[in-house]
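Open the model in your viewer and keep the selection tool at hand. This tour goes stop by stop.

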Amino acid sequence: MEKLTVYLDQLKRMRSMNRYYHDQFLLDVRILFILNTVFLFISLQNINGLYVLPLISLFGSVLLSFHAYFLIFSRQYSEYIELKINNELGEDVLIGH
C-alpha cells in the first residue's frame with residue numbers, strides 16, 4: 001500500500017503542475033497579444049515602434065514553447081502514473097487524460 005500512496009501523491013503533484021503550466025501558458029498568450037497590439041498602435045505614430053515587435057514575438061515564442069513543453073510533459077507523466085496505479089491495483093480505476 002505504501003507504493004500506491006507514493007504514486008497517488010506523485011499524481012496529485014503532477015496534476016497541480018499541469019494546472020499551473022496551463023494557466024501560465026494562457027496568461028502569457030494574453031499578455032503577449034496585448035503587448036504586440038499596443039506596439040502595433042504605437043507604430044502608427046512612431047515608425048520605430050515596429051522594431052520592438054519582432055523582439056516581443058521572438059521572446060514570446062520562446063516563453064510559450066517552454067510552458068508548452070512542461071504542459072505536455074506533465075500530461076504524459078500523469079498518464080504514466082495513472083497506468084502504474086492501474087497496474088498496481090489490477091484494474092482500470094483511473095483513466096488517463
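Buried means under 20% relative accessible area, exposed over 50%, and partly exposed in between, with a 1.4 Å probe and protein chains only. The model is predicted: local features need pLDDT of at least 70, side-chain atom pairs count only at pLDDT 80 or more, and totals for chains, interfaces and linings use all residues. Residues are numbered from 1 along each chain as its sequence is written, and side-chain values use heavy atoms, leaving out hydrogens and water.

**Stop 1: Asp28.** Select Asp28 in helix 1, residues 2–45 (helices are DSSP runs of H or I, at least four residues, numbered from the N terminus). Asp28 is buried, yet has no salt bridge (a side-chain nitrogen of Lys or Arg within 4 Å of a carboxyl oxygen of Asp or Glu). Arg30 is the nearest side chain of opposite charge, 8.9 Å away (Lys and Arg count as positive, Asp and Glu as negative; His and the chain ends are not counted).

Which side chain does Asp28 join in a polar contact of 2.9 Å? Select His67: that is the partner. Such a contact is a pair of N or O atoms within 3.5 Å, one able to donate a hydrogen and the other to accept it.

**Stop 2: helix 2.** Select residues 52–89. Buried residues here include Leu64, His67 and Ile81. Helix 1 is among what covers the buried residues of helix 2. Next comes Gly90, with a positive phi near 80°.

**Stop 3: the core.** Select Leu4, Tyr7, Leu11, Met14, Ile81 and Ile85, the largest nonpolar core (buried Ala, Val, Leu, Ile, Met, Phe, Trp, Tyr and Cys residues joined through side-chain atoms within 4.5 Å). Helix 1 gives the largest share, 4 residues.

Technical notes. Helices (H or I, at least four residues) and strands (E, at least two) are DSSP runs, numbered from the N terminus. The expected span of a helix is 1.5 Å times one less than its number of residues. Contact means heavy atoms within 4.5 Å.
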